[in-house]
Amino acid sequence: MEFNEEILKRQLGKYKFRDLTIKELKNMHQKFPDLKSSLDTYTFSDGSQKDLLNLIGTIPIRYQGSSYNIPIRIWILDSHPFGPPLCFLRPTSKMVIRVGKHVDMQGRIYLPYLQHWSHPTTDIIGLLNEMIAKFEEVTPLYMKSSADGPCLTELNTIMANFSSGLSDVSPQPKTQAADRHFSKVTVLGGGDLGMACTMSILAKDIVEKLVFIPTTESTMKSSTLDMEIFHLPKVKTSKDYANSVGSDVVIITANTWGGEESYLDALQSNVDLFRSIIPNVVQHNPNCILVIASQPVDVMTYVSWKLSGFPSHRVIGTGCNLDTRRFQFILGKSLKVSPAGMEAWIIGEHGDNEVSVWKGLERDDGQNISPDTITDHDKCKQLEHRAFKGLKEKSQRSWSVGLSVADLTETILRNLGHSHSVSTLVKDWYGITGGVFLSLPCTLTRAGVVNVSAPKLSKEDEEKLQNSAATLQNFLQQLKI
């Protein structure tokens, strides 16, 4: 079939990087013309759905001297090429999935190439080449014997549909498991916050293994004792960073606040702690996503970025995620709208200098409400102010931050492409010239930050962000990183 760029442009209308995606698909079509594209609905593990482009067809392999065509389906995320595709086998009713290192029982395909996905060094052609190479080592499918009978035939039919991610597949509980991946997370730093992150992540059931590493002697004694007494499934407590190897996400909650004479001294003590932590993380997990929850989060995220040498999209601070989720919830309750349908954010410097942004809400009945269209503008501003004030009256206790960290971790591990207000590099945004980290709405996947949005601000709020950046730059210049 001839490559039709115009049809693809229409199908990819909502894709963030449409032209890059089309260019890559055009190159792929030249080498793998048997893969056909279509637009279908994909159901993620959290129940959310998206219309995504998918590639269906076969790839040729040679196995033990014979040639085979392996049926596959590749879903292209709307964050492509910055987010890795979702890959599945499509066994027929006469095929059985061979579960192994690169394929699970649902037919989901896992490859090192996907785990290390990073545009522009990775693309679909490279992915398909590695898929062929791995399947030529161990074929992922085999033909069922006639003795397996009709039950196995029925099972494989379900598996073929179920592994495709289509939203109309039954049974529903299994469909939600289609986006699962063997995931490993390490939490660095003991105390209440480290424990809160650990428990919140376990409660979401998003990891197969969690490594808990206290970073100071005091937290080692207090945190590991209860872990040793009450064994938690999937959790390994250790002093050795080597146990963190292979982590998809490394969460840092470590803080060291002593009796320093000044705030700057306290910051420096935290920096000194990170100078021992970050090199160990990088050595054992060079491809991980760093999530920083240590305070002050904007400063410590910058410090982690500089010490790690990671690209900025792989270093994320928890920033204003918790405040944003609370802000959306409070506004949603007041206006009787779903928080998922609104553009309401808390951005900027975490703490007293945060900025609230509210630009559009969608009611449950589908009608749109925007501050710009409400006739009583003063009433609208009062509502926003009341919600923001209510937000500031709420403390950020360890368990709340732990839930926020688990929220970010789930989006990353499950490759959901959701937007969160997290601390990210804001150089060249809002006239900020220096390299500082502040919170902005960021789209997150397993690749980290794949897109940053800059909401339109009033002159006053823009100046507030610029002042925050200047203050942070002043502190950073005085630190010995």
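Is Glu5 buried, exposed or partly exposed? Glu5 has 30% relative accessibility, so Glu5 counts as partly exposed. Here, buried means under 20% relative accessible area, exposed means over 50%, and partly exposed is in between (1.4 Å probe, protein chains only).

A quick word on what you're looking at. This is a predicted model, where local features need pLDDT of at least 70, side-chain atom pairs count only at pLDDT 80 or more, and totals for chains, interfaces and linings use all residues. Residues are numbered from 1 along each chain as its sequence is written, and side-chain values use heavy atoms, with hydrogens and water left out.

**Salt bridges**

Let's stay with Glu5. Its side chain meets that of Lys26 in a salt bridge, at 4.0 Å from N to O. The two sit in distant parts of the chain, 21 residues apart: Glu5 in helix 1 (residues 5-11) and Lys26 in helix 2. A salt bridge is a side-chain nitrogen of Lys or Arg within 4 Å of a carboxyl oxygen of Asp or Glu, and by this rule the count comes to 13. Helices (H or I, at least four residues) and strands (E, at least two) are DSSP runs, numbered from the N terminus. Glu5 and Lys26 also belong to a network of salt bridges with Glu6 and Lys9.

| Pair | N to O distance |
|---|---|
| Glu5 and Lys26 | 4.0 Å |
| Asp19 and Arg18 | 3.5 Å |
| Arg446 and Asp248 | 2.9 Å |

How accessible are the partners? Lys26 is partly exposed at 39%, Arg18 is partly exposed at 30%, and Asp19 is exposed at 52%. Arg446, at 16%, counts as buried, and so does Asp248, at 10%.

**The nonpolar cores**

In soluble globular proteins, nonpolar side chains tend to be buried together. A nonpolar core is a set of buried Ala, Val, Leu, Ile, Met, Phe, Trp, Tyr and Cys residues joined through side-chain atoms within 4.5 Å. The largest one here has 43 residues, and those with the most contacts inside it include Ile72, Leu127 and Phe135. Several elements supply at least two residues each, among them helix 2 (18-31), strand 3 (66-76) and helix 4 (124-137). Helix 4 gives the most, with seven residues. Apart from this core lies another, of 42 residues, including Ile252 and Ala469.

Zoom in on Leu127. Leaving aside neighbours within four places in sequence, Leu127 is in contact (heavy atoms within 4.5 Å) with Ile74, Pro85, Cys87, Leu111, Tyr113, Leu114 and Trp117.

**Two helices side by side**

At what angle do helix 2 and helix 4 pack? The angle is about 40 degrees, and their axes are 9 Å apart. Axes are lines fitted to C-alpha atoms, for helices over the stretch in contact, and angles run from 0 to 180 degrees between N-to-C directions. That makes helix 2 oblique to helix 4. Under 35 degrees counts as roughly parallel, over 145 as roughly antiparallel, 65 to 115 as roughly perpendicular, and the rest as oblique. Glu24, Leu25, Asn27, Met28 and Lys31 in helix 2 meet Ile124, Ile125, Leu128 and Asn129 in helix 4.
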